[in-house]
Amino acid sequence: MENLFPVLMYHAVTLENHEACGHVHVPYGAFAAQLQWLYENGYETITVSEIGDPRQSEAKKVVLTFDDGYYSLYHLVTPLLKRYRFSATLFLTTYPVGAASYDVLPALEKEFPEGDRPLTWQELEEMEHSCWDIQAHGHQHLVHNTLGLHALTAEIEKSKTVIERHLNKAVRFYAFPYGRYNHPCLRITRELGFVKVFTVQPALARFSSNRFRMPRIEVNRYVTMEQFAHKVCTGFGSRGEQLRWFVLQFVYRNVKWKDRIRAIYRKIRK
């Protein structure tokens, strides 16, 4: 029987639970409790680069992923990972690296935590040589399925080459910003040499999952411990979410059909 494993998606970790902060950012206390639950329930972490590695043991696996590249990952998350001997993957948006604020990235929603600046390349290098695996998440965090072919290729390729140059490593994994993609996105990531691409579609992953549409499970600040445990074990926060996604997955199983349905929907709304 094929092993199933959750790929969890986080963004920033905050010291306080501010209402003004984007819903995707998780308070420190909640995140620490989630890691402790994983540890106490016998989970081992792997990075996206280790998915499918035959040297992995048969223990329960979980993949911790973080998007964008917030300083809180260096300052707050790394010590917790080391406490439990866990590892994580950062899908990095490269343009803001080293900036004083995410204000340099107007395409990103203005809901980033106050004072949580982008990481620097020095910090990223330390993380890469610690318990992190740095991979690509676009250059300017643009909505991929709205871009023309030239802009789309540049957005994906730039993030790959910048990370490879600064961290002296091969970048082979990608996560779509906002989880938005279309058929050209899948084709271009394949042509650029990526071996796995991640979405924000829920479900447990398996080694035989479509490697250019790998599922990820969002963990945000509204997720309770009961919901967290349910997500880790089933890939969904509730039975209702699981049913809704089953229907959508059936409708959208062909990406070209998904693109056409969305195009028709946009015309109707106009």
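**Reading burial, core and helix packing**

Student: How do I read burial here: does Thr14 count as buried or exposed?

Tutor: Buried means under 20% relative accessible area. Thr14 has 8% relative accessibility, so Thr14 counts as buried. Bear in mind that this is a predicted model.

Student: Where is Thr14 found, and what is Thr14 in contact with, leaving aside neighbours within four places in sequence?

Tutor: Thr14 lies in strand β3, residues 13–14. With those neighbours set aside, its contacts are Cys21, His25, Val26, Pro27, Tyr28 and Pro113.

Student: How do I read a nonpolar core, and which residues have the most contacts inside the largest one?

Tutor: In soluble globular proteins, nonpolar side chains tend to be buried together. Here the largest nonpolar core has 54 residues, and Leu38, Leu64, Phe66, Leu90, Leu124 and Trp132 have the most contacts inside it. Helix α2 (residues 71–84) gives the most to this core, with 6 residues. A second, separate core has 12 residues, including Val7, Ala175, Phe198 and Met214.

Student: What is Phe66 in contact with, beyond its neighbours within four places in sequence?

Tutor: Among its contacts are Tyr10, Phe31, Leu73, Val77, Leu90 and Trp132.

Student: How do I read a helix pair, and at roughly what angle do α1 and α6 cross?

Tutor: Look at the distance and angle between the axes. Those of α1 (residues 28–40) and α6 (residues 225–234) come within 11 Å and cross at roughly 45 degrees. The two helices are therefore oblique to each other, and their crossing is right-handed. Ala33, Gln34, Trp37 and Leu38 of α1 make the contact with Met225, Phe228, Ala229, Val232 and Cys233 of α6. By class, that contact has 8 nonpolar, 1 polar and no charged residues.

Technical notes. Residues numbered from 1 in each chain as written. Predicted model: local features only at pLDDT ≥ 70, side-chain atom pairs only at ≥ 80, totals over all residues. Heavy atoms only, no water. Core = buried A, V, L, I, M, F, W, Y, C linked by side-chain atoms within 4.5 Å. Buried < 20%, exposed > 50% of the residue type's maximum accessible area, 1.4 Å probe, protein only. Helix = DSSP H or I, 4+ residues; strand = E, 2+ residues; numbered from the N terminus. Contact = heavy atoms within 4.5 Å. Axes fitted to C-alpha atoms, helices over the stretch in contact; angles between N-to-C directions. Parallel < 35°, antiparallel > 145°, perpendicular 65-115°, else oblique. Left-handed = near helix turned anticlockwise from the far one by under 90°. Nonpolar A, V, L, I, M, F, W, Y, C, P; charged D, E, K, R; others polar.
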